[in-house]
Structure formats: structure tokens, C-alpha cells
Amino acid sequence: MKIYKLVLLVFLFGGITISCSDDADDKGPTPPVAGERSLVVENFIYRGMNFYYLYKADVPKLADDAFATQAERNNFLDNYSSPEDLFDNGVTASQDKFSWIVDDYVELERLFSGVSKTSGLSYGLVRNCSSCSEIFAYVRLVLPNTSADEEGVERGMIFNRVDGQQLTDTNFSTLLAPDTFTIGLAKLEESNIINLEETFTLTKREYVKNPVFVSKVLEIEGKNVGYIYYDSFTADFDKELNDAFGEFKTANVSDLVLDLRYNGGGSVRTATDMAAMITGQFAGQLFMKEVWNAEYQAHFQSTNPERLLNKFNTTLKTGEVINSLNLGKVYVLTTGRSASASELVINGLDPYIDVVQIGETTTGKFQASVTLYDSQNFGRTNANTTHTYAIQPLVLKSVNSAGVSDYINGLDPDYVISEDYQNLGQLGDPNEPFLKLALDVILGNRISIPESKELFKPVGESGMDQLDYQKMYIDKIPELINK
């Protein structure tokens, strides 16, 4: 489990109905006796996981009858040195890699509005050799109007030093953490890393990132082919995404290349709406079904079975009409960094249209989470003011209309290609290797796939410590059920 200490990506919850019983869970923990350790946060964590956790059945201590009294439960909670220790080691299942906790949600509204601090660099981290600790970074993209953009950093550049120090698999997080740092460029010659004298000094500053990074219509051999590089499923930019599809619709594109190669996921609703933008002919039909823990699954099925169904929409949440292309085929570019909501689009569309996947096998994340605050109904309103903890447990898994889920090993491509760090190309350029392969498939040309070079092994990437890294989440928490 990842424990984050600064900020939490979350949807604000509104319009929540509450069904409460009079048990200890609803009343909250008994106030501690003078001199005893306060377990307010720990009891909030336990209560939230007891209600909503997807893998509740796999954690015996979360069972409703696990403790006869509040005192017994407090004794259990007191075994853990901190709320983080409890969350990570006491109430999460061994198979869960994606639930998380933060100790300060004050910054979460700013982050959720799309504001973050960045130098503008998006990069991958790669080991120099199989038996060494040295690594290098390759620039995947540069955000416009950022320090990296202004200094002239470009996609495809390689750097292996920060502030004069060689990057290693143990120091890269520390070296790249300051608000201002200097990168030293290098170049690749086959398997050799050669230092260059050129450096760039970059400064992080607040930035609002539009995930619609590249959107264009390519005129290729008489065909209008839409291409979009989409960086994350950020709900605040649904209009920009819909506008891009509106341009594709106006251009009457016959084919679409959806580039999700670095997209780690985001909003379930945005992914559902994107699927409707690609199609349109399946309005009202099932895109994805939710599966919750046994208690909530039974509750929904008996009281509101429609609550479990995510259907192809015709409008955004704002009411704006979705621009649909009515395509019967889509070409999706993926790597091992493509996760959660990116995979949801692929899996959800697969029973309906021909999804041609090009690139690498995806991450393999089919679960979604929701944010819980310490309040009566776990919403932000009336949250406990004595602390700023919040948790983001997995609460559901997605299942497509054909019953497919649990793709723990990822979704495999139809055409395998990996990025060549010596020839990344430019996103949206018809000669960029991934896009070129997609265009060759579209045009029926002879397929020529560059030989994969296994000289370097990935170590990580920019953003891997951020809250929205490979996350998929819903924007509304369900009402409490009686226990």
C-alpha cells in the first residue's frame, strides 16, 4: 500500500443520503480515558474500511462480529504505532496494491482543481545495466508554458545527472524533489551512456495541466485520421476532451488513434464518457458493471440494481451533449504505464467494437476507489476538525458487459512495440514509431515493427509518488447501510 503524507486526490461528495443505525460504529469511538492514547483516527479508518472496503471478506478483523465491544476494538487498534501502520498492516488485504491514506487533506481541493507544482518534465527512469545501480531518465513530454518548456527541454532528451550527481536507483527521488534543480544531459550510443556538457536549470511552479495534450486530424492517403494523446482522465477537463472529439466529428474522421501510453487513469465517469465519444451507437447500453463487497452488493441489488450499472452516456455531467464519432473500430496505444481508467476504456469497449491495441501490455488494474473523510457519512461536510486524515480504499471492481474483469496481468496488445529511447519521435508525428505502426495497420500497409531493444530495464517514472498515479476513482460515495 502507498502511504501519502501530503495531498489526496478526491471528488467532493454531495447529495448523500444516510441510513444510520444506533450501533457503536455510527456513534463513533468511546472517548479515551485521561492519559490513554486517542484512537480517533484509527477508529475512523476502521469504520470506513468496515463499511466500504472491497476486500473486507479477506480481512477477518473487519468482520462485523470481530469485536464484542468497543474496548476490544480499541485494544486491536492500539497495537499499531500510527494510523498509517494500521491502514497498511492491519486492515488491508495482501492482494491490495492500490488503497491509500493521507494525513493532510487540506491541499486536496487545490490538487483536485488541477493545480500542482511541476517543472514541466514527464520522464521515464531506466537502469543503465542489469547489474548496476546507475540510472538515466528519458524525457517523454514537456508541458507547455513550464520551466522545462521555456528552457528548451524536448521529448527524447536524456539526462543522467541532477545537480552534478549521478542518478541511481536509490537517490533519484531525493535529487529530483527540490523546487529548483539542474539536469545534465547525456546521449545513448548503443548500450553506452555518454555524458554531455549541456545542462538545464528547472524550477517547479504551480500549474494547471490540460490532459488533452495533443489533438489533431491527420490526412493520410485520402483518409482523415483523428489522433489524440490523452494524459489522464481528469474530470475538470471533460469539456476540453469533448471539444477535441467535436473537432474530429466535424472533420468526419474515419479512424481514431487514442494514445494512452503514459495515462495512469483517473475518473470512471470520464472514461465512460470517452467510450461514448468514440462510439455513440450504444447509448443506454451497459459499459461497465460495478462489483462491491458482499454487503453493499446485496444492498444495491435489492434496493437499486441500476446503481451498479455504468451505461454509455449521451451527455457529460454538466449536461453538455457528447460528441460521438460512431466508430466501429479504435486503435489504442499502450505501454506498461497505461492503467486503471485507460484499461477500463479498452475492456469496456471490447464487447462492442474492434479495439486494436498497439504497444505493450498494460498495468492490470480493474478496481476503483473513493475518498472517505472522518464524518458521520464519510463526506467532506462536517468532517472531524481535530485531524486531517482521509483514506482512499478500493471499493469496487469493474466488469465489462461480457463479464470480463480481474485482468491482473494487464491487457495484451495485438501488435507489440516498445519505445526506443534513441528514437522516441514526437507525439502526433506520423513517423513516430507507435503512431506509424497504427497508421500502417489502418492503411493496410506492410507491417514493419522495429526490433525491440532489451538493453535497459525500467525503474520508474515521473509522478509515481503522486496521489493520482495509476488510480481509478468514482465521484460519489453511496449511502450508509444499516448494520
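Tutor: Let us start with a definition: a residue is buried under 20% relative accessible area, exposed over 50%, and partly exposed in between (1.4 Å probe, protein chains only). The model is predicted, so local features need pLDDT of at least 70 and side-chain atom pairs count only at pLDDT 80 or more, while totals for chains, interfaces and linings use all residues. Residues are numbered from 1 along each chain as its sequence is written, and side-chain values use heavy atoms, leaving out hydrogens and water.

Student: What makes helix α2 largely enclosed by the rest of the structure?

Tutor: Of its 13 residues, 12 are buried, so α2 is largely enclosed. Among the buried residues of α2 are V41, F44, R47 and Y52. Helices (H or I, at least four residues) and strands (E, at least two) are DSSP runs, numbered from the N terminus.

Student: Why is D259 called buried?

Tutor: D259 has 0% relative accessibility, so D259 counts as buried. D259 is found in strand β13 (residues 255-259).

Student: Why does V332 count as buried?

Tutor: V332 is at 1% relative accessibility and therefore counts as buried. V332 lies in strand β17 (residues 329-334). Contact means heavy atoms within 4.5 Å; beyond its neighbours within four places in sequence, V332 is in contact with residues including L258, L260 and I346.
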